[in-house]
Amino acid sequence: IADHHPGVVLVGHEIRTGASHEALRQARLAKATAILNPAPANGLQPETLALADVLTPNDLELTALAGDGSPSVRARRVLGDASGDRAVLVSLGRRGAMLVAGRQARSIPAPRVQAVDTTGAGDALNGVLAAGLAAGLELGEAARRAVAAATLAVTRPGARGGMPTT
């Protein structure tokens with residue numbers, strides 16, 4: 001019998017901060033993997049950030065959370081001293097992403113594509129990351145797939161209303 005995996009909870013910050021905090025707290029109580037997309041980054045306190053196993057800011061959001069410096073320095077600043085098994089996957093647009101976990105920082109390059117619409121790229125990244133972790137993928141592989149999905153997402157009109165009109 002396979003071990004029961006308690007699942008993955010993906011929380012965005014486009015809801016009230018208190019609701020994001022409570023969702024992350026409940027995920028922690030359920031021993032689920034908690035992913036926090038801190039968009040928008042304003043209003044998030046260290047106590048809320050600390051509840052997430054994986055933070056997925058873009059470069060601007062990471063600056064808002066951690067100030068200046070390289071992506072890896074800022075990610076480590078957000079993780080703090082007691083990072084444990086926690087990680088930051090910072091999306092860097094056409095440069096891909098950087099995964100910072102423990103003492104390691106790994107660059108995940110994005111395939112070169114012609115960007116048409118970047119709306120929704122972060123949502124694609126977060127959804128594929130969550131799905132990969134829920135399927136049992138290792139964080140690095142799930143992150144690699146998430147970057148690939150986000151890259152594909154920008155090649156077509158998307159969340160901004162790319163549906164054909166009749």
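Student: Happy to start with the largest pocket: how many residues line it, and which lie nearest its centre?

Tutor: Good place to begin! This is a predicted model, where local features need pLDDT of at least 70, side-chain atom pairs count only at pLDDT 80 or more, and totals for chains, interfaces and linings use all residues. Residues are numbered from 1 along each chain as its sequence is written, and side-chain values use heavy atoms, with hydrogens and water left out. A pocket is an open set of points on a 1 Å grid over the protein atoms alone, where a 1.4 Å probe fits, with protein on both sides within 12 Å along at least five of seven lines; lining residues have an atom within 4 Å of a point. The lining here counts 36 residues, and those nearest the centre are Gly93, Thr118, Ala121, Ala150 and Val154.

Student: Which element gives the largest share of that lining?

Tutor: Helices (H or I, at least four residues) and strands (E, at least two) are DSSP runs, numbered from the N terminus. Strand E1 (8-12), helix H5 (121-134) and helix H6 (139-153) each give two or more residues to the lining of the largest pocket. The largest share, six residues, comes from H5.

Student: What volume does the second largest pocket have?

Tutor: Its lining is made of Thr33, Asp53, Val54, Asp85, Arg86, Ala87, Leu133 and Leu139. A volume is the space filled by probe spheres set on the grid points, which are joined across faces, edges and corners. For the second largest pocket that gives about 170 Å³.

Student: Why do the buried residues of H3 lie on the same side of the helix?

Tutor: In H3 (residues 59-66), Glu61, Leu62 and Ala66 are buried (under 20% relative accessible area, with exposed being over 50%, partly exposed in between, for a 1.4 Å probe and protein chains only). They share a side of H3 because the arc they cover around the axis, taken from the directions from the helix axis to the C-beta atoms, is only 110°.

Student: Which residues sit on the face of H3 turned away from the buried side?

Tutor: The buried residues of H3 pack against strand E2 (33-37), helix H4 (71-79) and strand E4 (87-91), with contact meaning heavy atoms within 4.5 Å. The face turned away from them carries the exposed residues Leu60 and Ala64.

Student: Is serine 20 buried or exposed?

Tutor: Serine 20 belongs to helix H1 (residues 17-29). Its relative accessibility is 0%, so serine 20 counts as buried.
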